Each structure stands twice: as structure tokens, then as C-alpha cells.
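I opened my notebook to get to know a new structure, one look-up at a time. Here it is, with my entries below.

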Amino acid sequence: MKRAAALRQVSDWSDLARGRRLRELLGARRPGRAARRVVSSPDGRHLLLLLLLRDPPAGPARVVALQRLGPGGGGLERSWEPPQLPVAGLLFVQSGAGPAPWALAIVGEQGRTELWRFVPAAGWRLLQSLELCCGARARVVSICSRGSRLVWCEERPPLNTPLTPEKGAFRYCICTGDLQVGEDGARLSPLRVVLHNSPAYQVLAASSGVFLVPTPATFSGVAKCVLIWRPENTDIVVAAPSRGCICTEVLHPGREVDYKKLILGYVGILASMAILDIRGCSLSSSKGLLLVTSSGTVDLVQSNGLWRPVFDFGESALAPGEEVQLKVFGDTLACLLGGVLYLVDLNSGQLLEKKLLSTEMLFLDFHGEEEEAAVVQLLAPDGIYHLDFSGTDKDSQPEPTLVEVVFEEACKYYQRRSLSSSQLTVEKLKKGGMFQAPVALSAILCHSLASKDKRTGALPEPYAKLLSTMQLELQSYQNLEFLKSCVVGASESEVDSYGEELVEQELNRLVRLDLNRENLAYMNAIFSSFPVASWKAIQNHLQLQQNGEGLLIARATPDVWKKILGGPVPGLCKQEASLNGVVPLFELICLSLYQFKPKWLPRFVELSQQYVGTSWAYKEGPEGGVPLYKRALAVLTRKGSCSVAYPEMEIELLLCSQRPKAILQALDLLIRHRRWQRVMDAAEKFSRLSPLLNKEIFIVLLGEFAQHRALDPYLDTLWELCPADLSASDILSIIQQHLPQTELDHPPFLPGGSPQLTVGLLKPLLHRLARCSAGQDEIYADVLQGPGFPPPTPPRQHRVAPKTAAAQEEHVQRTEPFHNHTQGTLFEGV
């Protein structure tokens, strides 16, 4: 396995003619300006820095070129003041003549391209200016070079034609042209359109083809696949995740492809796929295109459309909108994510190394075959760093006794599970032939540790399957043994760094195991013996760091969170004294935070509670675990409650719990310490959680108000917290219960002012309650001011049309009972 050494600084910019200028540009944190790309010339003699605008009023776009110390020459610095459009890209193109076999092309968004050549005696010289775009309204979105061929994505807005968002999304085209650079000038071949009616794409050129990658500006309906244009094969391949090659369109000479017609037959397939939210991409000249999506997966896309997953960071590892830097060095993929450097084997997908960087770094983007070298080149404001992992497998060979260690571990395992009282030894285990697992492990180890030319034959089929499943654990074991051997022969100055790496590997190994009592006791011993190294290992493993707003964030995977918060070991928290102080992993992390980063502890507890509430069922109470904030408080009590910072930390942990009882307990502590401003801030914040908690907080503060005058400066805020369902009688009753006991005969004017409560102080609250009650009465105003109830009886005057005598007599007989009943009722009412 290839192993990476420690970061080694190879340049502090003193080897550059204007190193101080570069240090200023890289270290500046000015709003509206971002260093988007740093490239090196093909001969390695020049560094070019491209600064782009985030906000046009912030300043000019800038290209700065600096030369390494040597004969002649000078630096190049160009800027583009608004309203000029910024630079679209920097390219090194082949040059057939002149002192240098390359030329620098600075391509603007309007298509204007400046060709610069470096002359050793005279410095940078403008060779020629070219126009890539034919129309005045055209704009270059992305550009790349493939030998002497330029390929770019060009926006062509229609003239005076209103477009819907759907139709306007397909106003781009993919263009190409050959650029021939001579000694005195350059010539651009006639423009050729490869793809028209296309959405916006980022173009990336490799030796196997040109990849068209979706961007945030790409129409969402088609931002689900990657296109590969292969000029040698004269075709375009459409590839998508989990589907591979969807289709291949042949390009006929002299004809361009309509994107809408190309994709029309596959609309149903695209509708069933998710959008490709790409967070980072990079090219490997021999592998293809590497993509990082928002789900945390790293995928490899080859030129034939084959789509293969390489690595998985986990969805929780990527913050919203966070980008990942990718770079390929030989067979190793280097990823920069949130200040952490990951090294991944492209062939097996195995994580080789993970390093927490102390400063923000960028990959130094080399041009040509140097990017495939087995050295990671990192750029920091203070210089260039190398990370060399080109060591061969023989350099990391573990001790020959590793096979014996396997037998010893297996012997302990079987002895623990055995019901026999006879002692099991390694010799019995080897000669008995009953236990096949150690034999299989030994065969696998002997096969994997032997060099390729000394291997007698292939592994048997069952052993080969075991080797494929335990490859990661085996390599981790080999790394650990190699590191132990390095510690033995290391000097005093190197012991600390080796010790930190050893502790990190041991903790990573233990976290992946079942945290039984034995493993947890071992982890407690590591934290106790190596507190600083354990803290660094936990910080690296959980990726604890502050974001741009100063808040603590953790990018731990769900498996790690469940291991940390998966509840205490059975019998561990209830009878901790009988277990010689062995505590669970959550408490160990809280102890490290309290010792080295106490300000992070409340936020860590809050993050833990958020993960528990959104991801899985963490039972609390008698039938489950103890609430996390109480476990953290127990850690503080165990660590030492005599500390000056203990009361403040206790208050912070109680408040971050979001529990009503804990919040009221924190308010009680703040009131005891007479921190009234903090009391009112906490009351305002947590009263919004629920009406019941708001009422409890108000009653507590009203009782304090009745006893002393410390809350008088905050009365306006206190009256705002008054619940709507409290009446004036309720307020007076609460105040009467909390009034302090006073003597019956006291002087009318006390020295230093009266501490007693007066009606004048309560007047704003009583007015507020009166307005609230009046507002409630207005709800029934329309009823109170309406007509009387019940409404008056209408007059009963029956007008009967003239009828015949017989009909009239019949009508009177039919209605007579009704009139008698009505009259009786009315008279009874009178």
C-alpha cells in the first residue's frame, strides 16, 4: 500500500521574483474577490493566479504571473475594471516556434483572447489578440484546450425575441477551432459548431475526449447526464449515473448536432433520474472524469460512458453549497473537503489517508503530465507543500510475527467463548485443525504480505472472497504494525507525530468495533494516557471545525454518530463506581472538549441532540438512556466542579438542552448570580418555544420583580413577555405571594431609596392588561350592539281574499285551534 509522509514545505515564495506580492494576494480576505485558480506553466518556471469578481463593485478582475528566480524576464499583471467582463479562463496552448513551446491565452467572457509569450531577455510580450465569438452579444461561459484545439461553451442570446425560461435555457452552443501559434502571430481556424440549442455546460478536455458537465445554470430537466464528445470517433456519448451509456450519436462531416433532437428520444429516462448537483470535478488523462455530487459520492465517468462509483464521503459530510477540490496523482485521487485532505485509491476505492490541514490550501494545478506524478502539490498563502506517497509496498511491510498475532487474537477469542476450563494455547490452536478462521486468516496474510514474484499460487476460492471483504481491515492492520515499528526507531522529535498518528489509527479501529466493556476500557486508557493526541484524533474523526459564522459543525457519518450516541454500555452508567471509572464514548468526547475547547462543548451537545431527534430513536428515561445534556453535566461534575468556568458551562449546557425544566433551572442559576441582562436575554429567546414555558418564565421573573428593584431597567421587556391569558387579578395574586416580609413600623423614607414595590411601577402592565381585555371584548361588540334578543313578535294580521261561504267556513274551522293557542300563549305572557 502506498503511504503518505508528512506535509513538507518546498517553497516559501522566496524563490519567486515577486513572492511577497503573491503572498499578499493569496492571504487577502477582501469581500467580492476570490482566488479561483492557480496554475503553473508547463516548464514550471511561472505561477499564474486568476482572481475573479464575486460582486462587480468590489474591484477589478486580475491575472498575475510570477517568475521563479532566474535569468532575465519579469512578472505579468493584468486587470479588467468594470464594466468590462471578467476572464473566462487561462489556457496554455502549443506553440510551434519561438523560445518557449507554449503560449499563455487569457480568454475574456466577450470572446476577446490575448496571447502572451514569455521571452527570457524581455519578459512577457503580447503576441496577438483574437476574437473567438462572432456576434457582439455572444459570451464565453467555459473554455478548455486539447492540444492546439480550443473548445468552448458559448451563449448566444436571441435578438429582440422574448423567451420563456424553458426556451431561454437552450440558447448555448458548443464551439471549437484550431489555434496555430507561430513566432510572430497566431491564426484561428474558422469556427465550427459541434452542438447547438444546448444548455449551459462546463467543458473539460482530456486525451480521450471532451466532457460536457452540468452546472447550476443548466436547465434542471436535462442536468441529469454528462455528454462526451470524442473527436477521434466523431461521435457524442450521453452517460448518466447507474445507467452508463444511454446513447451514442454519430457526427457526420460538415453537420452539427441539434441538442433538442438528440435528447428528445430519452425524455422519459431523464424524467426518472435525479438532478446531478455536482460539487466538484477533475480530469485524469488515463482514467476519465471524476465527479463529486451532493450525495457525497465520487464517481468516475469514462469516455465510453461507463459510470463507476469510486468513493463515498456520506451525505452528511457535505455542507449545503460546499465545493470539493479534486486532483488525480497517478492512481490516487486527492480530495480537499472542509480543511481535510483525503487520499483514495482509484483502483480499489479504498481510503488511503486522511489528514486534517492546519491552514486553507488549494491544489496547485499543473499542466501536462506532471499532474500524474505521485506527489500531491498543495498551495497555501505561505508557500508550496508536497505530500509524497510514492513509497513501494516493501516500505510498509509489517513485522513477520503478524501471523502469530492473528493466532493469539483468535486464541483469546475462542478461550473467552469456550465452556472448558482447560487453557487453550496457540500451539493447540495450530495443531488441532478444528478452527478454520485463524487458518484462513493466516493464509490470506501470507498471500497478501508476500511480494508478487514470491507468491506460490492463487488463493483458494473461499479465501479469495474473504480477502475481498476484509481488504480494508487488513490494510489498516498493516498500517498500524508499520507505524508501531516506526515509533520504536524514531527520534525524540518524531515520537510525538508518530504517537498522534498511532492514537488516531487505534481510535478509528476501536470506533468500528463493538464498544463492549473491554474495548471501552482500552479507549478510556488511551484518552487518559494521551489526552492531546486523543483530542486531535477525535477532532479529525468527527471533523469538528467552525464554519464561516463561527458555529461549530461536525461532518461525522451516521455510523459514527450512532456509535457515539448509541446509549451507554449495559450496566455502565448505573454502576459506574464498580467499573473503575470507565465511561462511554460520548462522555470521553465531552471530557476532551471541556479540557481543550470548552466553548465547543454546548454546541456539540446541541448537534448531538439534533442528530438524535432527526435520525433515529434515542430512548430517554427509565427505559432508555439518560438525556445527553445530563450526561455532559455529569462529566463536568466528575472533572472538577471547583473550576471558575464551571457555573457558566453548566448554564450553557442547560440552555442548549431546549428542555423546559432545564431552561428554568438555568434561569434560576442566572438569578442567583444576579446576571440580569443575561436573564432577560434568555427569557426573550426561550419564551418563544411554547406558551406554557413563556408563562412559567414570566411568573418566575414577576416574583423576582416583586422582591427587589434589580429588574426595573428591564420592565418594558418583562411586560412584553406577559401571557395573554393572565388577568390583573392573577398578576396581583402572584405579586402578593412573592412580596418580601417587612416590619409594620418602618420609617417613611428609607436610606438609599425604597426597595418596595409601588403602584407606579405596575401601571404600564395594568394598562396593557386593560387594552388586552378591551380587545377581547371587541370580538363580541357586534352581538352587544345589535338588535334586542329575542326579536319582537311581528304583527299578525291575516288578510283573507273573498271566498265562498262554504270555503270561508271551512277555513275558519281549520285555523281556529291555532288562533286559540296563540292567544292563550300571549295572554299568559302578559
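Entry: The model is predicted, so I kept its limits in mind: local features need pLDDT of at least 70, side-chain atom pairs count only at pLDDT 80 or more, and totals for chains, interfaces and linings use all residues. Residues are numbered from 1 along each chain as its sequence is written, and side-chain values use heavy atoms, with hydrogens and water left out.

Back to the strands: S8 (residues 112-119) and S9 (residues 123-131) pair in the antiparallel sense over 8 bridges. For my own use, strands pair if DSSP finds at least two bridges between them. A hairpin of 3 residues links S8 to S9.

**Entry: the whole chain.** I looked up the totals and found 25 helices and 33 strands. These are DSSP runs numbered from the N terminus, helices being H or I of at least four residues and strands E of at least two. Of the 830 residues, 44% count as buried. Buried means under 20% relative accessible area, exposed over 50%, and partly exposed in between (1.4 Å probe, protein chains only).

The accessible surface comes to about 44,400 Å², and 54% of it belongs to carbon and sulfur atoms. I also checked contacts (heavy atoms within 4.5 Å). Among those between residues at least 6 apart in sequence, 53% join residues at least 24 apart.

**Entry: an open sheet.** Next I traced 4 strands in the order S21-S22-S23-S24, an open sheet with antiparallel pairing. S21 (278-284) and S24 (307-312) are at the edges with a single partner strand each, so one side of each has no neighbour in the sheet. Neighbouring strands here are turned by 25° against each other on average, direction ignored. Those angles run from 0 to 180 degrees between N-to-C directions, with axes as lines fitted to C-alpha atoms.

Inside the sheet, S22 (residues 288-293) and S23 (residues 297-301) pair over 4 bridges. Which residue in S23 is the bridge partner of Leu290? I found Leu300.

Entry: Is Glu587 buried or exposed? Glu587 is buried, with a relative accessible area of 4%, and sits in helix H14 (residues 585-596). Leaving out residues up to four places away in sequence, Glu587 touches Arg631 and Val635.

I moved on to Trp600, in the loop between H14 and helix H15 (601-615). Trp600 is buried too, at a relative accessible area of 8%. Beyond four places away in sequence, Trp600 touches several residues, among them Trp535, Leu552 and Leu593. Gln546 is also one of its contacts; Trp600 and Gln546 are 54 residues apart in sequence and 9.3 Å apart in space, C-alpha to C-alpha.

**Entry: helix H17.** Here 8 of the 11 residues of H17 (residues 646-656) are buried, so the helix is largely enclosed by the rest of the structure. Tyr646, Glu650 and Cys656 are among the buried ones. Just after H17, Gln658 takes a positive phi of about 65°.

**Entry: a cavity.** Last, I asked how many cavities of 30 Å³ or more the structure holds. A cavity is a set of points on a 1 Å grid over the protein atoms alone where a 1.4 Å probe fits but cannot get out, and lining residues have an atom within 4 Å of a point.

Key: Accessible areas come from the Shrake-Rupley method with a 1.4 Å probe; for residues, only the protein chains shown count as cover. On a 1 Å grid over the protein atoms alone, a cavity is a set of points where a 1.4 Å probe fits but cannot get out, and a pocket is an open set with protein on both sides within 12 Å along at least five of seven lines; lining residues have an atom within 4 Å of a point. Grid points are joined across faces, edges and corners, and a volume is the space filled by probe spheres set on the points.
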